[in-house]
Amino acid sequence: MKELRVGMIGYGFMGRTHSNAYKRLTDFFPVQHRPVLKAVCARNAEKAKSFADNWGYERVETDWRKVVEAPDIDLIDIGSPNDTHFEIALAAAKAGKMVACEKPLAMSVAQAEEMANAVEAAGVPNMVWFNYRRVPAIALARQLVEEGRVGRAFHYRATYLQDWTISPDVPQGGAALWRLDVAVAGSGVTGDLLAHSIDTAMWLNGAITRVVAQTRTFVTERKHAVTGKVEKVGIDDACMFLAEFANGSMGTFESTRYARGRKNFNTFEMNGEDGSVYFDLEEPEYLQYFEYKQLQSGKKTESHLTGWRKIHTTNSEHPYMNRYWVPGTCIGYEHTFLNALADFVMGIESGNPTQPDFRNALQTQKVCDAVIESARSGKWESTAVDAGALKGSPA
Ligand code: SOE
């Protein structure tokens, strides 16, 4: 068994989800690399030390450059805020390290493009942690599309709703609330939540070619946790956009952090000529499927038998599930990161890299930037998505 020596940058929510994945990988997946948690890096040494003790990292650094340059580290994991991704990824690629980066890949298309070029020029394995692709029910939806069970696509409908920023008393900025600070996050719900929806949508339904969007900032001033001053809010609190896909289907996307009662409500539905699929992250083990036409016989399902089928995706035939428990028992949110890591490591070992890599995630960044631009211009904006870079998506 070879070692995969990990340098983790950042110790927040994502630092925890990724660390958990590294720790459990070889317990569940038959890979030839065993992750070793070498170093965690954060500016706050005390908090980083406590994180290291908790998760089992061998050492703590406060300067990410030391981790990137360390000869005993193979993989740099970027789980730090969005404004740090660019510089760290470029340096990691230059140092010949593998890079696994949190979403959104970058603050802009220009940055994301440079990052994709850098990892390709260096020839280092790379991945963006779009973990929802690794929910077994969502991976099953992809399989059904691939098998032709949805048929010609007409509609794609996504929502991603939360409610944690409604109070005007929530400050912006700082370690816990940087997602509200546009200088650090780049955008609001568009980069943070819709990036997930867009990645899933383009994986299931191919390239988004153009968008028209509206964004809203409901609380326009908030105290900044670092400066202590009341400052203008620059993020989008809510965003809705219409999309056109290259295959001719229509899309609607809605996201907000102001949907009272919705905590992490991530859904999508796709309607095609031969069937539909529906997913709701609040019931993550289910994929709903409406079969209009049977694949094998080509016959229309008899009218008295039609109806939505709620598939409990816990059989060993379902994506990833043969690695876990017995049929009928579920896995959780944390396993989506474990599944992503397993795909990444198996991709390295097989020479067939997993997706989404940086080039693929750049396409999602293009849609995000076009959405923000459209909200500003009030016009339809082309995305310039390169369909060829969406490896694994339908053409
Ligand atoms: C925001 O609240 C957030 O943590 C996102 O940053 C994650 O990507 C999402 O999966 C859950 O919500």
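Into which domains is the protein chain divided? Here are a few notes on that and related points.

1. The protein chain is divided into domain 1 (2–131) and domain 2 (132–389), with bounds that come from an automatic or database domain assignment. Residues are numbered from 1 along each chain as its sequence is written. Please keep in mind that this is a predicted model, in which local features need pLDDT of at least 70, side-chain atom pairs count only at pLDDT 80 or more, and totals for chains, interfaces and linings use all residues.

2. The C-alpha centres of domain 1 and domain 2 are 23 Å apart. Their contact takes 37 residues from domain 1 and 38 residues from domain 2, where two residues are in contact if their C-beta atoms, placed from the backbone, lie within 7 Å. On the side of domain 1 that touches domain 2, α1, α5 (109–122) and β6 each supply at least two residues. The largest share of that side, eight residues, comes from α1. Helices (H or I, at least four residues) and strands (E, at least two) are DSSP runs, numbered from the N terminus.

3. By class, the side of domain 1 that touches domain 2 has 23 nonpolar, nine polar and five charged residues. Ala, Val, Leu, Ile, Met, Phe, Trp, Tyr, Cys and Pro count as nonpolar, Asp, Glu, Lys and Arg as charged, and the others, Gly among them, as polar.

4. Do have a look at Gly-10, in the loop between β1 (2–9) and α1 (13–28). Gly-10 is buried because 25 other C-beta atoms lie within 10 Å; the cut-off for buried is 20 or more other C-beta atoms within 10 Å of a residue's own, with C-beta atoms placed from the backbone. Leaving aside neighbours within four places in sequence, Gly-10 is in contact with Gly-15, Ala-42, Gly-79 and Ser-80. Thr-84 is 74 residues from Gly-10 along the chain, and their C-alpha atoms are separated by 10.0 Å.

5. Helix α10 (residues 333–350) has 18 residues, and its end C-alpha atoms are 26 Å apart, which agrees with the 26 Å it should span at 1.5 Å a residue; the expected span is 1.5 Å times one less than the number of residues. Its buried residues, including His-335, Phe-337 and Phe-344, pack against β1, α1, β2 (33–41), β5 (98–101) and β6 (126–128). Just after α10, Gly-351 takes a positive phi of about 80°.

6. Finally, the ligand: the residues around it are Phe-13, Gln-162, Asp-192 and Asn-264, with a residue counted if its C-beta atom, placed from the backbone, lies within 6 Å. This shell has one nonpolar, two polar and one charged residues.

Terms used: A residue is buried if 20 or more other C-beta atoms lie within 10 Å of its own, exposed if 12 or fewer, and partly exposed in between; C-beta atoms are placed from the backbone.
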